[in-house]
Amino acid sequence: MQQAQEATPLIVLKGIHKSYNLGLPSQTEVLHGIDLTLAHGEFVALMGPSGSGKSTLLNILGLLEPMTTGSYLLQGEEMRGLNDAGLTLRRRQTLGFVFQFHHLLPAFTALENVTLPAMMINGQVSAQQLQHARDLLADVGLAGAEHKRPAELSGGMQQRVAIARAVMLDPPLVLADEPTGNLDQAASSEVFVLLRRLHAERGITFLVVTHDAHLAERCDRRLELVDGRLHTDSGMGGTHPEILSSSTL
Amino acid sequence: MAKSFGFEWLVALRFLREGRMQTLLIIVGVAAGVAVVAYISALITGLQATTLNKTLGAQGHITLRSPQDVVQPARASLPGEVAWFETQPRAQRLRSVVNWQMLVPVLEAMPEVSAVLPMVSGSGLALRGEAQQSIALLGVDLDRYDRIVDLRGKVVSGVARLAPGEGIVGRDLAADLGVRVGDRFTVQTGLVNESVRVTALVDLGVRDLNRRTVIVPLRAAQNLLGLPGGATNLDITLFDVWTAQTLAEDLRTRYPYKVESWQENNAQLVSALNAQSVSTGIIRSVVMVVVVLGIASVLVVSVVQKGREIGILRAMGTTRAQILRVFLLQGAVVGVLGSVLGLLLAVALIWAFTHFVKGSDGLPLFNITLPWRVALNVAAVASVCGVLAAIAPARRAAAMDPAQAIRL
C-alpha cells in the first residue's frame with residue numbers, strides 16, 4: 001500500500017498558467033505553462049529572480065491560490081475545481097508550511113505554536129501529541145524554550161519552531177518559502193541542516209524556495225523559474241529511497 | 001471537522017489577551033452601556049411603581065357608580081327625518097348603586113378582583129370654631145377599606161378606628177381645623193350636621209387628599225348624605241392594575257352601571273407613564289446600538305491587525321467556519337464580561353441613588369431595585385448583541401484570502 005502510494009508522484013503539474021486581473025486591461029500572466037513532477041522524498045530547491053513567479057507557484061502548490069488553467073495532481077488527486085473546504089482539508093492532511101518571516105502566532109508559546117495543527121483538528125491536544133511536540137522541539141534544539149513566546153526567541157530559534165510546527169502532523173510535503181532569507185549565515189546554515197535532517201529521518205518531501213545559490217547546490221534537485229517559466233530542472237529527480245541513500249549535507 | 005470548540009476558544013481568548021488594552025476598553029464600553037440600560041430600567045420601573053402606588057394607593061382600580069341622569073328626547077327621529085334637539089343637561093344628584101349588596105359578592109368572585117369596597121362619598125363642610133373647610137366625605141367599612149388602601153399603614157397619629165360618631169381625618173385638614181386625635185369637629189352636609197371625634201390622622205400621599213378627606217363609618221355617611229342603606233360607588237381593586245381597562249370594558253357591557261378604570265380617570269398619568277416607557281425603550285435601543293457598533297469597530301480593527309495570523313491559521317488548515325467562530329466567540333466573551341461588569345456597576349449606581357439622593361424628609365425619593373429577571377434580560381441582550389456585532393468582522397476574517405493575508 002505504502003509502495004503503491006509512493007509509486008504515484010506526490011505532485012504532478014501540467015500546463016499551469018496563472019493570471020491576475022483576469023478580463024481587465026491590466027491582466028498579467030505570471031506563470032506560463034508550468035510542468036513539474038515531484039516524487040515522494042525529494043528535496044528540491046526552487047530558485048529564480050524576484051518577480052519570476054516563485055511565490056505564486058508556491059501558493060498554487062500550497063493550495064493557497066487557484067491556478068488559472070492547467071492541472072494539479074496532489075497524490076494522484078486533481079486539485080482543480082475543489083472548493084475552499086476541500087482545499088483546506090488537503091492542506092491540513094498533506095502540507096506543512098515554513099515562511100520566510102517565521103510567522104509564528106505571537107500570542108502562543110513555542111510549544112503551543114507546535115501543537116496548534118493538532119489542536120485545530122481535534123479541539124484539544126492529547127498527551128501523546130503534546131509529548132510528540134516536546135520531542136520535536138527538543139529535536140530542533142529548543143528543549144528549554146517550550147514556554148517562551150516568539151518575541152523571546154531569536155530569528156533562528158523562531159524558524160526552528162516554525163519547522164517543528166510544519167512537521168507536527170508528519171505531512172508528505174513541506175513548502176518552505178525562503179526559510180533562511182531572514183537569517184544570518186550561521187543561523188541559515190543551521191536551519192538548512194535541520195531541514196535536511198528532517199528530510200532524511202522522516203522522508204518528508206521538501207520544496208524550498210531560496211535565493212541562496214550555495215544552499216540550492218546542497219539540494220538534491222534544483223528548479224529555476226525565470227519570467228514564469230521553468231528554465232532549468234537539474235538534479236536527480238528520483239524517488240524517496242534513492243534520494244535518501246544519496247542524500248548528503 | 002473539529003469535535004469541540006477548544007481550538008476556537010483558545011485562539012479567541014489569546015487574541016483578546018494579546019490586544020488587552022483594546023479588549024479592556026471595549027469591555028468597559030459594553031459595561032457602561034449595560035450599566036446605563038440596567039440602571040435606567042430599574043429607575044423607571046421604581047419611579048412608575050412609586051407613582052402608581054401613590055396614585056392608586058388611595059383609590060380603587062375600577063369604580064362602579066350608578067349611571068348619570070340624562071334627558072331623553074320626546075320622540076326618536078323618523079327615518080329620513082332630520083331633527084334638531086336641544087336639551088338642558090340634568091343636575092346630577094347623589095344616587096345609590098342599585099342592588100349593590102348583591103353585586104359585591106358577584107364582583108368578589110371574579111378571578112382578577114382582589115377586593116370590593118362599597119362606599120358612600122359626597123361633599124360637605126368641616127366646621128370647628130371659626131374654621132370651615134370643604135371636605136370629601138367617605139363612608140366606608142374600615143376593614144374592607146384597609147384591604148384596598150392600607151389605611152392603617154398611612155396613620156401618622158392615633159389608631160384607625162371607626163365606631164359610630166368617630167372619624168379619620170387627613171393630616172393637612174386636621175392642621176387647618178386645628179384638631180388632634182380625640183378632638184371633635186362638626187361635619188355639615190346640605191341635610192344634616194353631625195359631630196365627629198377624631199381617632200386618627202392619616203397621610204394619603206397626595207396633599208389635596210390630605211386637605212379634604214374625612215372618613216366616617218358607612219352608616220354615618222349614609223345618614224349625612226341622605227342615602228340610607230345606599231352606596232354611591234363600589235371601588236374594585238385588582239391583582240394586576242394593568243387589567244383594569246379590559247375588565248372595566250367587560251363590566252360596562254354586562255351591567256347597567258357607569259364603570260371607570262383608573263386609566264380613564266388618570267389619562268394624563270397613563271400618557272406620562274407610556275411616554276416614560278417609550279423613552280426608556282428608545283434610550284435602551286440607542287445604547288445597545290452604540291454597544292454593537294463599539295464591539296464591531298474594535299473587532300474590525302482586530303481582524304485587520306490579525307490578518308497575518310489568520311492567514312497562517314488558514315494555511316495550516318483552519319477552516320473558514322473555525323475562523324468565523326473564533327471572532328464570534330470574541331464578541332460573545334466581550335458581551336458576557338461587559339454584561340457582568342455592567343450589572344455590578346448598575347448595582348453600585350442604584351446603591352448610590354438610594355443612599356445619597358434623598359427627599360426633603362431625609363428618606364430616599366423612591367425605592368429602586370434591580371430585579372434578577374431584568375438583570376438577566378439585559379445581560380442576555382448585551383451578550384447576544386456582542387455576538388451580532390461580531391458577525392460582520394467574523395465573516396470578513398473568514399473570507400480573507402490566506403495567500404494575501406500571509407503577505408500582509
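The radius of gyration used here is taken over C-alpha atoms, and the rule for a globule is 2.2 Å times the number of residues to the power 0.38. The exercises concern a predicted model.

**Exercise 1.** Determine how the radius of gyration of chain B stands against that of a compact globule.

*Solution.* Begin with the reference: for 408 residues, a compact globule would have a value near 22 Å. Chain B, by contrast, has 32 Å. Next, consider the extents: along the principal axes, the C-alpha atoms of chain B fill a box of roughly 100 × 65 × 35 Å. Finally, consider the domains: the assignment gives domain 1 (6-54 + 270-407) and domain 2 (100-231) in chain B, and their C-alpha centres lie 53 Å apart.

**Exercise 2.** Compare the span of helix H10 of chain B with the expected one, and identify its buried residues and what covers them.

*Solution.* Helix H10 (residues 267-305) of chain B has 39 residues. From first C-alpha to last it reaches 57 Å, close to the 57 Å expected at 1.5 Å a residue. Its buried residues include B:Met288, B:Val291, B:Ile295, B:Leu299 and B:Val303. Among the elements covering the buried residues of H10(B) are helices H1 (6-18), H2 (20-56) and H12 (320-356) of chain B.

**Exercise 3.** Describe the side of chain A that touches chain B.

*Solution.* On the chain A side, helix H3 (84-94) and helix H4 (110-122) are the elements giving two or more residues. H4(A) gives the most, with six residues. By class, the chain A side divides into 13 nonpolar, seven polar and four charged residues.

Technical notes. Residues numbered from 1 in each chain as written. Chains lettered and ligands numbered in written order. Predicted model: local features only at pLDDT ≥ 70, side-chain atom pairs only at ≥ 80, totals over all residues. Domains from an automatic or database assignment. Helix = DSSP H or I, 4+ residues; strand = E, 2+ residues; numbered from the N terminus. Expected span 1.5 Å × (residues − 1). Buried ≥ 20, exposed ≤ 12 C-beta atoms within 10 Å, placed from the backbone. Contact = placed C-beta atoms within 7 Å. Nonpolar A, V, L, I, M, F, W, Y, C, P; charged D, E, K, R; others polar.
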